[in-house]
Amino acid sequence: MIALLARDLKLALRAGGGFGLGLAFFLIVIVLVPLGVGPEGALLSRIAPGILWVAALLACLLSLDRIFALDYEDGSLDLLATAPIPLEGVVTMKALAHWLTTGLPLVLASPVLGLLMNLPAAGYGWLVLSLALGTPALSVIGTFGAALTVGLKRGGLLLSLLVLPLYVPTLIFGAEVVKRGAVGQAVETPLLLMAGITAGAAALLPFASAGALRINLR
Amino acid sequence: MSIWKYANPVLFMKTSGGILRVLVPVTAVLMVTGLMWGFFFTPPEMKQGSTVKIIFLHVPTAMLGINAWLMMLVASLIWLIRRHHVSALAAKAAAPVGATMTLAALITGAIWGEPMWGTWWAWDPRLTSFLILFLFYLGYMALWEAIDDPDTAADLTSVLCLVGSVFAILSRYAVNFWNQGLHQGPSLTIAQKQHVADAYWYPLMISIGGFLCFFVVMVLLRTRTEIRARRLKALLARERMA
């Protein structure tokens, strides 16, 4: 499983495009928002938590169809399915690789983008923490969506339609953490609820994803 | 009577045909009575005037919007566990009906909200979670459409329905947390005595019964259509082979 993770990471790094693309997209959305709504600092700092979270979510979505598509095309997914490790493990590793190449860079870059969005100083820690706890859920849920649509010719648009409603709870709690943190309110409740969603999704969804993959490979 | 018996399409067609023959007139009578009584023979409410009468459309459609998904969940489980083909088709048949009901509840709510709340739409928890439910319906139907092989499609949509149910419930409570509501509390609960005056209560109950029968009729009809479509496909395939 470690070897699989290393392989996926290597592929993502060397194949180009996938790794930096999500990050660049995140940056571009954050740059576009002030251009759209106007550069007033007060307005930006009020909407910053939500915009940062929505942008992170969209950036995550962008690379989802790559999780299984290449392996499905060249047949290595069939080999992985017949390999002696459980398919649930494969799926988990795929989700982890997706998070390491998409979610983690977003988490690390988010303070800089928070600066662009004029996020209040108290919010930075909570922004990083909430993204760090929330983006794994996005990767795991996205892996499920990718597993559902892996056999389809033009699955990209369908994938967004399937996955975005599933992102709603994470988005609400994540943005709420930053919003409350930025104005100095207590953040425990949304933070714990979001961590709960991440933990629950990471524990249970690989079974659904593996099930969907088995159906698609049948 | 066991539902496994009706995995046999011939038996299902026969039974559902019999049920439909009775249920269609019952639906017509109940809906006409409930809606006519509700619209024309109830007094205008003291504060809301005659806008209150949209309750006879709004409440039944909203109830069915949620319960149709529940029915799809049960049907999907039956399909996943026991490969009950008719069950999978029933889930497929219910989705557009449920989506329409959800949309109807949203639209009637907006029509009522404009004079009463002064706005067509508010980001109220209930409204928002209903909109999210509608998106779930769209995704479910889109997945059915996207996959060619019927059994694969049934499997994948069932898995989506299971996972979607969990997230739909999560979203329901998450939005509660996210914004304070404008929507009033439930007017009808099983646990409590009625909050609705008798003058509205009886036509409302009849209307709900009518919509429920309507839902059953629609699902049965659409399931029958699906079965016939499959038969047709099988016949055509056989013809090509010969």
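This is a predicted model: local features need pLDDT of at least 70, side-chain atom pairs count only at pLDDT 80 or more; totals for chains, interfaces and linings use all residues.
Chain A averages a pLDDT of 85, and 97% of its residues score at least 70.

View 1. Helix 6 comprises residues 87-116 of chain A; helices (H or I, at least four residues) and strands (E, at least two) are DSSP runs, numbered from the N terminus. Its 30 residues reach 42 Å from first C-alpha to last, close to the 44 Å expected at 1.5 Å a residue, where the expected span is 1.5 Å times one less than the number of residues. A kink of about 45° lies at A:Ser110, shortly before the proline A:Pro111; the bend at a residue is the angle between axes fitted to the seven residues ending there and the seven starting there. In the loop between helix 6 and helix 7 of chain A lies A:Asn118, which has a positive phi of about 60° although it is not a glycine. Most residues other than glycine have a negative phi. A:Asn118 is partly exposed because 17 other C-beta atoms lie within 10 Å; a residue is buried at 20 or more such atoms within 10 Å of its own C-beta, exposed at 12 or fewer and partly exposed in between, with C-beta atoms placed from the backbone.

**View 2. The bend in helix 9 of chain A.** Helix 9 of chain A bends by about 40° at A:Leu204, and the proline A:Pro206 follows within four residues. The end C-alpha atoms of this helix of 30 residues are 42 Å apart, which agrees with the 44 Å that it should span at 1.5 Å a residue.

**View 3. The contact of chain A with chain B.** The contact takes 18 residues from chain A and 21 residues from chain B; two residues are in contact if their C-beta atoms, placed from the backbone, lie within 7 Å. On the side of chain A, helix 7 (123-148), helix 8 (156-182) and helix 9 (188-217) each supply at least two residues. Helix 8 of chain A gives the most, with ten residues.

**View 4. The largest nonpolar core.** This core has 128 residues, and those with the most contacts inside it are A:Leu52, A:Ala56, A:Ile141 and B:Ala94. A nonpolar core is a set of buried Ala, Val, Leu, Ile, Met, Phe, Trp, Tyr and Cys residues joined through C-beta atoms within 7 Å. Leaving aside neighbours within four places in sequence, A:Leu52 is in contact with residues including A:Ser110, A:Leu113 and A:Val178.

**View 5. From helix 2 to helix 3 of chain B.** B:Leu80 belongs to helix 2 (residues 55-82) of chain B and is partly exposed, with 18 other C-beta atoms within 10 Å. B:Arg83 lies in the loop between helix 2 and helix 3 (85-117) of chain B. B:Arg83 has a positive phi of about 55° although it is not a glycine, and is partly exposed, with 13 other C-beta atoms within 10 Å.

Terms used:
Residues are numbered from 1 along each chain as its sequence is written. Chains are lettered from A and ligands numbered from 1 in the order in which they are written. pLDDT is the predictor's confidence in each residue, from 0 to 100.
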